[in-house]
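Here is a quick tour of a fold, written for someone who likes to click along in a viewer.

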Amino acid sequence: MKSLITGSLAALLMFSACSTSGKVSPATKEMVLWYDKPAGKAWLDGLFIGNGYMGANVFGRVQNERIALNESTFWSGKPHDYNDPDAYKYFGQIRDLVFAGKFREAEKLADEHFYGIPGAQQAYQPVGDLLLDFKVGSDSVKDYYRELDMETGIVRISYTDGDVKMTREVFMSYPDHVMVMRISADKPGKVSVEAKLTSPFAEKTKVTDNRLTLSGTWKYLPEEISWLVAKVEGPGLGFQTDVVALPEKGSLKATDSTLVIEDANSVTFILTSATSYINYRDISGDPAARCEKILADVRGKNFKTLKNTHLDDFTTLMSRVSLKIGDPVKNEMPTDARVAALKKGESDPDLLAKIFQFGRYMIVSGSRDGSEPLNLQARWNQDLLPNWGSKYTININTQMNYWPAEVTNLSECTGPLFNLIKDLSENGAQTAKLYYNAGGWVAHHNTDLWRGTAPVDAARYGMWPVGGAWLCQHIWEHYLYTGDKEFLREYYPVMKGSAQFLMDIMTVNPAYDYLVIPFSMSPEQGFFVSEGSEEAFLAPATTMNTGLIKDLFPNCIEAAGLLDTDADFSKSLGEALGRIPPYIIGRDSLLQVWIEDWKRGNEGHDMSANFGFFPGNSITLRDNPDLAAAIRKWLEPRRASTSWPTAWDISFWARLEDGARADTVIRKFFMARSSWGGIGNNLHNTAFNQSDANFGYTAGVAECLLQSHAGEISILPALPASWKDGSVTGLKARGDFEVDIDWKDGKLVKAEIRSLLGNPCTVRANGTTKEYSPAIGEKVVINGI
C-alpha cells in the first residue's frame, strides 16, 4: 500500500459545516423524510437521489455503506433493428381474419409473422455500487438519524460513535454532472473510511493518485432467459465510473482497487459515470473521455461551491409547488412508522402531501435535459432482469410517469420524453412502411434504449399500433401549459406523422360502416364473443382507439392552424373524425370497450376505454353527462390496489368532481395489500418496483385541486373530503397560469391566478364561472368564504 496524499490537501479545500439534527421543528420538515435507523436489505428502504443522468440509492448503513448506482443510458443489448422486412405480407391476412370475426386465428398469425425480431426488447441495467467501509470505534452507535430533504435533494446521515458525532451529506448535481458526498466528524482526525467500486460488468479497476476508476462492458450475465428481455450475444455498451477522494488532513492511501482514508477531519468524494452511448444507432462514444471532462470541469471546486450550485438548480424546481394539509406535528415521527400507520388506515394528510411531492421529486431527480426519460423504475434499478425489463411501456406507464410534470410546474423536466418521441418517429417510420405499407410513423406498446417500434411480447400485449398517438398528447399538452410556439413548430411534424400513419391504415369495416384501425386491442384486456368461446384480444375497433383519434386529430388541426400550415391535411383529419365509431354505452350501462358489446375478459388494463375522460378530454362531465355517468358506474365497484390502475382512478374521480370518492380511493390506495403492491418506507410504490403509481398519484392529487382541460380553470373541483383545511401554491393551468389556493372547512378561502402570457381565462369557483382578461404578470384573485 502506497501513501498518496496527506494533510497538505487541507490548504486546497474549504468546506461548509453540515448541520444535521433530528431535533427540528415539525413545521420545517414539510419536505423531509427521516428515519432513526439505517436502511435494511430492502431496496425501498434506501433513499433515492439523482440528476437525470445518474441515480443512486443511499442506504445509510453505519459500517458497510452501499450506494447503488445507475446511469440513464446503461442498458442491455446494442443498436438493433427490430423490424421484420416480411411483416407486411401478412397485414392483409390478419385484417381479413379480424373483419371475419376469426380473432384467435388472427392472433396466431400475428404472433407468428407480425412481431419484431426478436419478439422481446432490452432492459435497464445497474451500473454498480460505491461501497464505503467505516471504522466504527465503539460497540454501540447511538443517536442515529437519516433523512432525505426533497426540496434540496440532499441525503444526510448522522450518528454518535463513542463521543464523536459523524455526519454524511450526499447529493447528485445536475449542473456539474457528479455525485458529491462529504463525510465529517465533530472532532479532528476521526474520519477513516475505505472506498471501492463494484459492478457485475467490471473488467478493469485502477487507482491514479486520489482517483479510483472502474470500467467495463455490458454482456448478458443472467443464467435464466426472460421472455421479456431478449438475450443478446457479444459486447454492448462500454462504461466507466470514477470516484475522487479529497480528504482534509489525515492520509490517503490506495490498493489496486480501494481508496483508504485514515485519520482525516473530513473527506469529500466526487463520483461520475458515463457510457459509450451516443444515440440509439451509435455506441462508439468514449466513456473515459466523458468522465475526464466532467471531473476536469469540477476540479478546484470545493464542497460548498458544488453544494450551492446544486441547490440553486434543484430547489428552484422543487420549491415552486407547496402542498400543506394535515398536522405537521406528525413530522416528529419517523417516516417508516408513519408509513406503517398509514397502511393500517390511520389518517395522515401531511404524509399524503409528502407522497405527492415525492412524485415531483423523482421527476426532478430522474428526468433532466440530456438524460434518458423516466422508465418503469424511473432512474433506480438494481436488477439484471428487472420487472418487465424496466423499459418504456407506452400503453400507459411511460405516459403516467409524465402526467404530473406540466401541472406541478416541472415543464423543464419533460425534454427527455420529447427526445424519445422524436427518436421513435424516426425508427417508427420504417416500422410503418414495413408492417403496414403506410406513411407517417408508428410505435406499439413497448420501447427501449434502442427505440424499438415493432410489436413485441405477444398479440395479447403488443398488437397495439397507437403508442405513438398517445405519446403525442404530451407534445400538445406541453404547448398548452407553456405557450411555447417554437417548441410546437419543432414537434408538430411528429404529431402530423402519427396522424398520417393512422389516416393511411384506417379503413371502412364493412360490418359497421365506420372508419377503423383494422386490428388493434384494448391494452391487455380480452373479450368473449359468446358463452364458451375462447378469450380473444385483437379486435376491429376499440373505444380507446376512438379516444386516441379524438385526441390526436383535433390537436393536429389546432396546431396546424396556429402554425398556418397543412390546411388540406387538417381538412382530411376533420372529415375522418366524422367517420370513426362513436362512444357507445353498452347493455350493462358501462362505456363499451369494443365496437361490439362483448363480455369483458382478462382485465389487465380495464380502464383503457375511459381514456377520453382522462387523460383525454373528448368526454367531459358537463358536455357528456351520459358518458360520464357510465364511467362513474364502472368506477364504483372497483377495488383499490397500490399500483397504477388505482392511481388512474384518482384522476377519474377528480374529473367526476367527486371529492368524497377521490378521498376514499386515496385512503384505500395506501391500505391495499397484495402482489400488486404497497408503499415502501422511502414512499416509493412496491408493485414490481414500478414508479408509475407514484407519478399517477401525484397527478391525481393535482387534478383534485385544479383542472383546466374543459376550457376553464376549475378551483378545487374534487377536494378530498378529509382534507378540511389546507393550501397549495404554484400549480399550473393550461394557458400558462400559476395558481395558489387556500381553503378552510372544505371551502375555498382564496385563489390567486397569475397570468404568465396574458391569455384570457374562464374561472370556475364556488359553483359559478366568470371570464377574465389579465395582462402578463397580472393576478386574478378569487375570494371564497
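What follows goes through a sheet, a helix, some hairpins, the cores and the ring pairs of this predicted model.

## The nine-stranded sheet

Start with the open sheet of 9 strands, which runs in the order β2-β7-β8-β9-β10-β17-β14-β13-β12 with antiparallel pairing. The edges belong to β2 (32-35) and β12 (202-208); each has a single partner strand, so one side of each is left without a neighbour in the sheet. Going from one strand to the next, the twist averages 15°.

Helix α4 (residues 303-318) packs on this sheet and touches β8 (154-161), β9 (164-173), β10 (178-185) and β17 (266-275). The direction of α4 makes about 50° with that of β9.

For a look at one pairing, take β13 (residues 211-217) and β14 (residues 238-248): they run antiparallel and are joined by 7 bridges.

## A helix wrapped up on all its residues

Now jump to helix α15 (residues 644-655).

How many of the residues of α15 are buried? The count is 12 of the 12, so the helix is largely enclosed by the rest of the structure. After α15 comes Glu657, with a positive phi near 60°.

Strand β28 (residues 737-744) pairs with β27 (residues 726-733) in the antiparallel sense over 6 bridges, with Leu731 opposite Val739 in β28. This hairpin has 3 residues between the strands, and Gly735 takes a positive phi near 100°.

β28 also pairs with β29 (residues 747-755), again in the antiparallel sense, over 8 bridges. Here Ile741 stands opposite Ala751 in β29. The hairpin has 2 residues between the strands, and Asp745 takes a positive phi near 50°. As for β28 itself, 6 of its 8 residues are buried, so the strand is largely enclosed by the rest of the structure.

## Cores, and one buried serine

Which residues touch the most other members of the largest nonpolar core? In this set of 228 residues, they are Phe269 and Ile715. Leaving out residues up to four places away in sequence, Ile715 touches Leu705, Leu706, Val739, Ile741, Leu748, Ala751, Ile753, Val763, Arg764 and Ala765. Another core lies apart from it, with 13 residues, among them Val244, Ile294, Phe303 and Leu311.

Setting aside neighbours within four places in sequence, Ser365 is in contact with Gly50, Asn51, Gly52, Met54, Phe314 and Trp380.

## Ring pairs

A search of the whole structure turns up 43 aromatic pairs. One of them, Phe91 with Phe519, is tilted: 5.5 Å centre to centre, with 45° between the planes. This pair links distant parts of the chain, 428 residues apart: Phe91 is in helix α1 (residues 91-99), while Phe519 is in the loop between β22 (514-516) and β23 (525-528). Phe91 counts as buried at 7% relative accessibility, and Phe519 is buried with a relative accessible area of 1%.

Are the rings of Tyr144 and Tyr159 stacked or tilted? Their centres are 6.4 Å apart and their planes at 10°, so the pair is stacked. Tyr144 is in strand β7 (residues 141-149) and Tyr159 in strand β8, 15 residues apart. Both count as buried, Tyr144 at 11% relative accessibility and Tyr159 at 3%.

To finish, ring pairs link Trp403, Trp464, Trp470, Phe611, Phe614, Trp634, Trp644, Trp648 and Phe652 into a cluster.

Terms used:
Residues numbered from 1 in each chain as written. Predicted model: local features only at pLDDT ≥ 70, side-chain atom pairs only at ≥ 80, totals over all residues. Heavy atoms only, no water. Pairing = 2+ DSSP bridges. Helix = DSSP H or I, 4+ residues; strand = E, 2+ residues; numbered from the N terminus. Axes fitted to C-alpha atoms, helices over the stretch in contact; angles between N-to-C directions. Contact = heavy atoms within 4.5 Å. Buried < 20%, exposed > 50% of the residue type's maximum accessible area, 1.4 Å probe, protein only. Core = buried A, V, L, I, M, F, W, Y, C linked by side-chain atoms within 4.5 Å. Phe/Tyr/Trp six-rings, centres within 6.5 Å; stacked < 30°, edge-to-face > 60°.
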